[in-house]
Amino acid sequence: MAGTDVGVAVIGAGIGGLTFALALRERGITAEVFEHAPALTEVGAAVALAANGSRILTRLGLGEQLAVAATVPDRLAFRHWSDGRLLVALPVGQSYANRFGGQFWGLHRARLQEVLRDAWGPAGLHLGRGLRAITGGPGAATLELEDGTAVRAEVVVGADGLASTARRWVSGDEPYYTGTSGFRGLAPIEALRGLPTPGDIQFWVGPGAHLLHYPVGDRVNFLAVLDGPPTWDSTHGTAEAAPGELVAGFAGWHPAVLEMLRSVPQSVRWALHRLAPVRRWFRDRVVLLGDAAHAMLPHHGQGANQTIEDAAVLARCLAEAGPAGHRDAFVRYQRLRRAHTRQVQRVSSLASGLLHLPDGPAARARDAELAHFAERFSWIHGHAVDGSAAS
């Protein structure tokens, strides 16, 4: 495909790239999707789709497949790290769907990837063809791909994640390590005999750490987050940890927590990075989407959902601006999305410290605030991008 000309080139065939391509195709515009990996296999155990993401995927015709693959938690619960007492419990299930117009779904990342891939189909999907560099030019951007070929595109959408090559060309911003790291796992429910209410999405909160888990079919997906290490020397997002390091980090915690962590082999350690707010989301004919524009900590479960929102808004803006209006579309997209994603980034970062408080007055004040969690953060789950994009 050396020298090939395309209208819209999408860099990255993850959740954001494929959702954007599907949303664009729904509006009658075709795209070509270029992916570094030779096969679409997701890294990570599971993903939580909140109503602000599930509404969009349902509108794209994927609701039935996702509902079959997903599990709906009963409640959102917060528990004390050592004695396991319930700090607050808020209903999810049907009452959540009624309030926000979409379900809260927990499902395997690989299954979500499969649903998106199958909906898109093989045409216009180019695997093993990651982006090496971008060159600007009149009328098009030239993409230098890792296989040595070049593609000219009228519009380039950088949906290439945390380590985005597109972002380096657009703004030069780089993510930074937050001083916290996580371990992931999928534990069989039958191995968790001491776990209270396994049908809930639960946060266990305590000094220097927290554990988040929720049901996915016959398993419980968990993310265990610890303060440290103080620096991250690896150039990769993951690194091997010493045997037993995860369990040692939760020494003294409730038996149900330790039972879960011991129920599966210890995973690699994931460095938790985020981006400082990126001032510029586009340059010439290249625009950023998802983690490439606003990578955030996972403590509100909004990384994938904000990416899905971006995809829907950008597709609408491009379609309504017309073939020659890409710059107007980019300006409008940035205006509609930048402030909102910055706010979600901010509250996700603040949650890290709040979840890791030691017992004491500050933790008691946090626990009192948790009773108002649904009201405090309804602006995230109820955010309707169709209405926003129409403004």
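**View 1. Helix α1 passes helix α5 in a left-handed crossing.** This close-up comes from a predicted model. Helix α5 covers residues 109-120. The two axes lie 10 Å apart and meet at an angle of about 30 degrees. That angle makes α1 roughly parallel to α5, because angles under 35 degrees fall in that class. On the α1 side, the contact uses Ile15, Leu18, Thr19, Ala21, Leu22 and Arg25. Helix α5 supplies Arg109, Leu112, Gln113, Leu116, Arg117, Ala119 and Trp120. Sorted by class, the α1 and α5 contact holds 8 nonpolar, 2 polar and 3 charged residues.

**View 2. Helix α1 packs against helix α10.** Helix α1 spans residues 15-26, and α10 spans residues 303-321. Their axes come within 8 Å and cross at roughly 30 degrees. The two helices are therefore roughly parallel. Here the crossing is right-handed. From α1, the contact residues are Ile15, Gly16, Thr19, Phe20, Ala23 and Leu24. From α10, they are Ala304, Thr307, Ile308, Ala311, Leu314, Ala315 and Leu318. This contact of α1 with α10 counts 10 nonpolar and 3 polar residues, with no charged ones.

**View 3. Tyr177 and Trp232 form a tilted aromatic pair.** The whole structure contains 10 aromatic pairs. In the Tyr177 and Trp232 pair, the ring centres sit 5.8 Å apart. The planes make an angle of 40 degrees, so the pair is classed as tilted. The pair joins distant parts of the chain, 55 residues apart. Tyr177 belongs to strand β11, residues 176-188. Trp232 lies in the loop between β14 (219-227) and β15 (238-239). Both partners fall under the 20% cut-off for buried residues: Tyr177 has a relative accessibility of 17%, and Trp232 has 15%.

**View 4. Phe250 and Trp253 pair edge-to-face.** The centres of these two rings are 4.8 Å apart. Their planes stand at 70 degrees. That makes the pair edge-to-face, because the class takes in angles over 60 degrees. Phe250 is buried, at 0% relative accessible area. Trp253 is buried as well, at 5%.

**View 5. Four phenylalanines join in a ring cluster.** The members are Phe78, Phe203, Phe373 and Phe377. Ring pairs link these residues together.

Definitions and conventions: Residues numbered from 1 in each chain as written. Predicted model: local features only at pLDDT ≥ 70, side-chain atom pairs only at ≥ 80, totals over all residues. Heavy atoms only, no water. Axes fitted to C-alpha atoms, helices over the stretch in contact; angles between N-to-C directions. Helix = DSSP H or I, 4+ residues; strand = E, 2+ residues; numbered from the N terminus. Parallel < 35°, antiparallel > 145°, perpendicular 65-115°, else oblique. Left-handed = near helix turned anticlockwise from the far one by under 90°. Contact = heavy atoms within 4.5 Å. Nonpolar A, V, L, I, M, F, W, Y, C, P; charged D, E, K, R; others polar. Phe/Tyr/Trp six-rings, centres within 6.5 Å; stacked < 30°, edge-to-face > 60°. Buried < 20%, exposed > 50% of the residue type's maximum accessible area, 1.4 Å probe, protein only.
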